[in-house]
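Please look through the model below before reading on. The report then goes through its features in turn.

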Amino acid sequence: MTEQLPEYQSLQNQLDLHQGMPYSPNWSAEADFIQLIVDACLRDRPKQILECSSGLTTLMLARCCQINGEGRVISLEDGLQYADNTRSYIDRYGLGGFADVVHAPLQDRIVDGMLYRWYAADAIPEAGIDMLVIDGPSGFIQKHSRYPALSVCYPRLADRCAIYLDDAAREDEQAIVAMWQSLYPALRHEYRATARGCSILLHG
Ligand SMILES: C[S@@+](CC[C@H](N)C(=O)[O-])C[C@H]1O[C@@H](n2cnc3c(N)ncnc32)[C@H](O)[C@@H]1O
């Protein structure tokens, strides 16, 4: 699969997922990012996880919720075929009670005075998001593609929430984190040097 193949296998073993994975070369999150969010999910036992972009991450987080015996992932996915594919794996593993993959096409949205293409927001919970995982929309769609996530979700976060931004080694994501920090100075930022970089922002 990738140079991190043993780490994916280790995740599969850890979570006892042996009926295939929705893996897509170059598109799936790297195993070290997934390990980070899996460890956080098993440790913090979030009740309401919102995820921007579906796939391997959705399957792994849903399985963590099943192991925890609580929690649910709502995964926003703009590509219909990717939403269907992720759902088929969720069904295959009997994890339907722990994940809801929502086809949320990208729409024009004004966010903090700027025009972005971002997910249709109907499925985003009104409140209580205690884990937010941001791995989409894809960077090629626009500059600062993932910026809207926090502005849209900030009023809907639980009192305590951990936000995980993948691909944070990229300049674009670093600029996004700087914009978020100036808007929400109370957020604490930790950077993890995973293969693609992960920014963790802690709220509350
Ligand atoms: C970086 S991917 C991450 C998906 C998910 N978080 C995971 O780890 O599997 C972000 C988005 O890319 C899109 N995507 C996935 N596979 C793709 C492919 N093979 N070609 C083009 N776009 C793809 C999907 O819309 C997905 O939501």
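## Basis

This is a predicted model, in which local features need pLDDT of at least 70 and side-chain atom pairs count only at pLDDT 80 or more, while totals for chains, interfaces and linings use all residues. Residues are numbered from 1 along each chain as its sequence is written.

## Overall fold

The protein contains 6 helices and 9 strands. Helices (H or I, at least four residues) and strands (E, at least two) are DSSP runs, numbered from the N terminus. The C-alpha trace spans about 45 × 35 × 35 Å along its principal axes.

A compact globule of 204 residues would have a radius of gyration near 17 Å, and the 16 Å of the protein agrees with this. That radius is taken over C-alpha atoms, and the globule rule is 2.2 Å times the number of residues to the power 0.38.

Two residues are in contact if their C-beta atoms, placed from the backbone, lie within 7 Å. Among contacts between residues at least 6 apart in sequence, 69% join residues at least 24 apart.

Of the 204 residues, 41% count as buried. A residue is buried if 20 or more other C-beta atoms lie within 10 Å of its own, exposed if 12 or fewer, and partly exposed in between.

I34 lies in helix α2 (residues 31-44). I34 counts as buried because it has 26 C-beta neighbours inside 10 Å. Not counting residues up to four places away in sequence, I34 touches L11, A29, L56, T57 and M60.

## Backbone details

Most residues other than glycine have a negative phi, and most peptide bonds are trans. R45 is not a glycine but has a positive phi of about 50°; R45 sits in the loop between α2 and β1 (48-52). D112, also not a glycine, has a positive phi of about 50° and is found in the loop between β4 (106-111) and β5 (114-119). D112 is exposed, with 12 other C-beta atoms within 10 Å.

G136 and P137 are joined by a cis peptide bond, with omega about 0°.
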